[in-house]
Each structure stands twice: as structure tokens, then as C-alpha cells.
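I opened the model to see how its parts pack. These are my entries, in the order I looked things up.

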Amino acid sequence: MASLAKACTADVVRVMACLLADCQACLNSLQRRSSQNAAASMNVLSQLRRTLSHWLLALAAVSRMEAAEGVRATVPSPAAGAPFAFTRLVAHWAEYGGADYVDFVADAQPELAQVGFYGAHFWSLAHTPQFSGYPAHFPVRGLAEQGAWFENLNKRLHKLDVKVVGHFNVEFLVGDPDGPEGPRGFFKFYRDLWDEALLGPKPVADPLELLEKNADGSPISQSGYGIGGMREYWACLRNPAWQTILKAWVRHGLRRGVDGFITNYFYRHNCLCRHCQAGFRRHLRQRFTPAELKSKFGIVDLERHVFTEIVSWHPAAETTPLRLEMLRFSQLSNQEVFHEVFVKYARSLKPDAIAAQWNHIGNFSQIDGDERCMLPDSAWHSGLSYVWYSTGDMANRSDLKAGQLGEATLQARYLRGAMAGGPFTLGKYEGTRIRAAIAELAANGGAPMGFYTKFTDPVARREIVRYYQFLRRHDSLYHKSRAYAEARLLFPRQAIQRGDVSGLQEFLRMGRTMLDAHVLFDIAPDDSPASLKRDGAPRIVLEVKGKGAEPLTKLSAKRSRFTAPPTVRVSASRPALDEHEIDLHFVNYDRAEPAPEANGKPAVGRGIEDEKPRPVDGVQADLALPAKTTVASVEFIAPELADPQPLIFTVERGRARFTLPQFLVYGVARVRLR
Ligand SMILES: [Zn+2]
């Protein structure tokens, strides 16, 4: 009975939403007609509204009944076989062990929880005395005990209709191969705790065979984190024995009930192991003729050539054609392993397994950063369910007087273009401006939010829940939404892949100039065949060519204009499969900033108590309408508003003009067209 009521409620709510929206459209069009006709029509409208009010009361009663029965409304799952898309995510490495974590997820209702550990961090640390510390903060000690704990957590999250994606460190090992106490960490697991019934036979007897190697054959290692005084090593992804271990861990994780993995520590160092030597030779053989190898790189006998370095990331100023090939090989071979283990193998066990990657972009680091900077456009989306990109420390503090909003708007727009609309999120390391971090991603096609979803702070928790519930309520705007743009800025990926990063600063300058001028633009990589031809692509395409080009002079004089303070960013999107709506997103970064740090640097802030947003009022939109359309209605929605607010607008010579009401951090003007 409850499920029938729930299904009916969902259907009726959908119909009602359309009806109410159309009513608003009627109201607005009536206002422009003669007063007599309008008065008559208004009567009809009033009657209709009264009827709707009765329905609403009845529905509210059903909803209350559902709430009393503990029934939670869900967002419909995508059709079977359709790529998984989502717009609300929570991610935690810590504090997920308390009872309040699941309560928080139940209240915020994300579509996806990134939680749990199934790769090298799990197998290195869950059995050690350091189990409860950084990075994984395991609630219990022991491989079997912690594994069972995650299995139980996965069940509880699934009951909330939330997908669970586990963190999967693909190669970063913590431990000591030997010592007074024998092996520790990963090496203890490998020698003494490997359970053949669970993981199958060990692929090699000596775990040192698995590691990335220096030229002298010693393992590459460091003591960076100092967990329990143990050193750190890296397994080599190109080693087939290591791939066997990754597959065993994937199998174990899927049995524990995760929906897939986000792979992190997706690196390659200057590894000179035999697999890297052979792999790099193969890479060169496939890309160059013997004559080219000789003339370009001085390699006369590839089959016998032993490389003294096979670097990965390196400073762009120190690149050479051969080092660039080494970086390309690093990224392509990492990608092959990702595809083999986390796409092909994982999906042979679970056909809809989620395969995601955790990468790093900072302020558009390329050659010396970004795990995917050398990948061709086609490899960007192959099998990848979603991508996480860390901006690190570059976008989590504002200096408004200096014009720094502490934003990652350009990174978000770039990823939206690079992922061809597929899901992405940003790791902003932002624990203070919670609302701005959520709004920034929502406004630019991403899925809020990466680190840190601080639910243990009651004020932050309340705002996260408010914002996530807002996104959930208006999911039709966000789910698989498409960027709406009047201009396109091309990201100079072709030059970067030739080792030339000189265009990056110009790209950033052009992007910043257009953001400040509130231009509706999107970003696409310039090696994407779709970047110029994609359906709905704007006619004005801006390329990075030389220095000093003034992007604003190249734009149409008829473009949309917005009157807003420089602390407001404007983005636009269209809902999936709906050409009758343009959604204008406004993110307000204005705030009372915390005092700078002792060294004069802008402060990050202690938490949401230092977000202190200042509302903005009087933002005006002057929207250039698509050809042959006019406006049916404009309504304003914001997380702090209980109900959508109809806006008065004018339409004249293909332009719609309206003024937004005051809002705090985020607001959306839904422009319905006809
Ligand atoms: Zn190697």
C-alpha cells in the first residue's frame, strides 16, 4: 500500500510540477495582454490554483504518512545499461566510523558515497597497530575484521539507495620488507597474512619483485608519511604479477559489496624495471620508424637499448622530445592497466562496476602534473565512470580585494568539456566555504563535493543537507545537464602534448577575463573532434594564439550581459533532453574574510563559521534568447528559499531582462522558453 501511494505520489508530483510551471507561464503571458482578458483568465487561473492547493494538501498528508512509515523518496535509477550519472557525492577518509556518518548520509541523500578502502592502504595497514591513523582511519583492526566492517557499511548505505565507491590505492605501499620484527605493513601481509582461499595463489614468492626500481635494481622508496616509522614503496603497474594482485583485491572488494572503485596513487615514477624498459621500447617501436628513432632520439638499436631514465612528470622547462615520450608512455600504460583491471576485469565480475580515477590538476599543472595531460581525447572517456581532480591548496582561500575568489570555475568547465559531459568532481580541500564549494560545482556541471564534507560540525552538516536537498529537489536541472554557452574557449592540449606549455597562462588570462565579464562560455580541449562540431556548440570559438589577444572584442556584441559585482560568477546550462529551458546559475563569493595569516597570506579559515557569506542584491540579467523563441516564465530558486519565486521579466527584440532577488551564495534563474 505504501509503495503504491509512493509511486502515485511521484507521478502526481511530476504532473503538478508541469502544471504549476505552465500556470506561471500563463500568468506572465497574461500580464502582457489586455487587462480585461487578463482578468477573465486570472479567474480561471485562480480556480485552477485552488484545485491544486487541495491536491497539494492531500499529497502532503500522503507524504506525512510516508515519513511516519520511514519511507524515503528516491531519485529514479537510470535505465539499465545507461552510463551512470550523478550530481551529488560525499567522500570521506575519516570520521566515517561513527554512528552519525550513516545518519548524515540518510539526511543529505547523496547518490554516491566514496567511502571505504580496498587497495594497498587496506592491505598495508588494516592489520597494523597504526590502523586507526592517517590515511584510512580504520574503525577496527584486522584484515578480516575491517573487511567485514566495510561489508556491513556497504549494506547500510545500499539500504539508503546510495552507491558505494571504495578508495583503491593502486600501488603506494607502506611497510618494511624486513627488520628486527620481521616484515611490517604490506610486506607482513604478503608474507604471512595472504589468504589463498580469498585471494588465490601468490603470483610471486618475493614481494620485492613487484616494486618500482632504480637503475641499480634497488626499490624506489621514501619515508614521507612515517606511518609507524615504516617506509613507503611503489609497486610497478606494468608488472603482470602486480596486476594479478590488483585483480585479487578487486574481486575481494566486489564481494564486500562495493559498486566500484576510485583508483588513487595512479602514478609512475622513474622506474627502470624490466617491465618498464620493455614497455617503453614497445611504445617507441609503435610510434616511430628506426630512422626516426635515430634522428629524433639518437637510438640506433632499440631492441638492445637500455634506458638510464624513463621519467614521468617533470618540469616543463626541462622537457625533451624523449622525456615527453616517456611521460606519454607512463600515462598510456597506466591507462591500459586501469582499463584492464578496473574496467574489463571488474566488469566481468560486476557488469555495472563503477571505475573512477583520482587525479591532480592544481592550477592547470601540465607535464609536471595531471595524470591525463598526455592522453588523446578518445582515451579520456573510455570506460571511465567519473573523474576526481584535486585542485590541492590553490582554490580554498579568497582575497577579494585582490580579485581572487578562491575558485576553480575554469577547472570545472575544462573537466566538463574534457569529460564530454561525463561526471566529475573537484577535491578542493575546502572545509570553510562549504556553500560556495557546493555551488561552484553545481553551477558548472560537476558533482559536489570532494574533501571535506564536514558533517561532524553541526552548522556545516545543516548547510550541506540544505544544499544537497536543494540539488535533489531540482535534480531535473542537474542530472546530465549540458553546458549552455555563447562562446567556447579552447584548452591548448595539442601544444601541451608537444611539450609547449606557453599557452597555459594565456588560456588562464582569457578565461579569467571572460569570467569577470560574465560571458556565458564553456571550455573544450582543442584536440577533441567534438570541440568544434558538437551539437549546440557556440559559433564563437576562441583559441589561444600568441599573447595579448583580447577575447572580449571577438565576442558577439549581441551576447548576453549581466550586471553583477565582480564577486559573482555566472554559468548556464540546459537540462538533459529539454530545449525549452535555460538555467542561469549565479555563485556569489562575497564574504567577510577571516584575518590573513601571520605571513600575510589569505587565511583558509577554521570551518564554516568563517565562511560568512554576504548576500548580493540587484543582479540583473539581459539574456540573448535563442532564435525563434520567447520566454514563458522565469523563476528563481535558491537553497535558502522554501519555494521557487516567480520573476517579472520583459522580452524585447530577442532579449529577456529581469532582476534577481537578494540571495546568499547560490541561486538559479530558470528561464522557460516557448
Ligand atoms: Zn616499472
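I began with the largest nonpolar core, which has 168 residues. Phe261, Ala356, Leu584, Val587 and Ala669 touch the most other members there. A nonpolar core here is a set of buried Ala, Val, Leu, Ile, Met, Phe, Trp, Tyr and Cys residues joined through C-beta atoms within 7 Å. Buried means that 20 or more other C-beta atoms lie within 10 Å of the residue's own, with C-beta atoms placed from the backbone.

I noted the ground rules. This is a predicted model, where local features need pLDDT of at least 70, side-chain atom pairs count only at pLDDT 80 or more, and totals for chains, interfaces and linings use all residues. Residues are numbered from 1 along each chain as its sequence is written.

I looked up Phe261 next. Leaving aside neighbours within four places in sequence, Phe261 is in contact with Tyr118, Val165, Gly166, Phe168, Gly253, Phe342, Ala355 and Ala356. Contact means C-beta atoms, placed from the backbone, within 7 Å.

Then I took totals. The protein has 674 residues, and 43% count as buried. I found 20 helices and 24 strands. These are DSSP runs numbered from the N terminus: helices are H or I with at least four residues, strands are E with at least two.

Strand E4 (residues 172–176) came next. Five of its five residues are buried, so E4 is largely enclosed by the rest of the structure. Phe172, Val174 and Asp176 point one way, and Leu173 and Gly175 the other way. In a regular strand the side chains alternate between the two faces of the sheet.

What does E4 pair with? E4 runs antiparallel to strand E7 (residues 232–234), joined by three bridges. Val174 stands opposite Glu232 there. E4 also pairs with strand E5 (residues 184–185), antiparallel, over two bridges. Asp176 has Arg184 as its bridge partner in E5. Pairing requires at least two DSSP bridges.

I moved on to helix H6 (residues 186–193). Phe186, Phe187, Lys188, Phe189 and Tyr190 are buried in H6. The buried residues of H6 pack against helix H4 (120–125), E4 and E5.

Last, I checked a helix pair. Helix H9 (residues 274–287) and helix H11 (residues 321–349) pack at about 110°, axes 10 Å apart. That makes H9 roughly perpendicular to H11, a label for angles of 65 to 115 degrees. Gly279, Phe280, His283 and Leu284 of H9 meet Glu325, Met326, Phe329 and Ser333 of H11.

Conventions:
Axes fitted to C-alpha atoms, helices over the stretch in contact; angles between N-to-C directions. Parallel < 35°, antiparallel > 145°, perpendicular 65-115°, else oblique. Contact = placed C-beta atoms within 7 Å. Buried ≥ 20, exposed ≤ 12 C-beta atoms within 10 Å, placed from the backbone.
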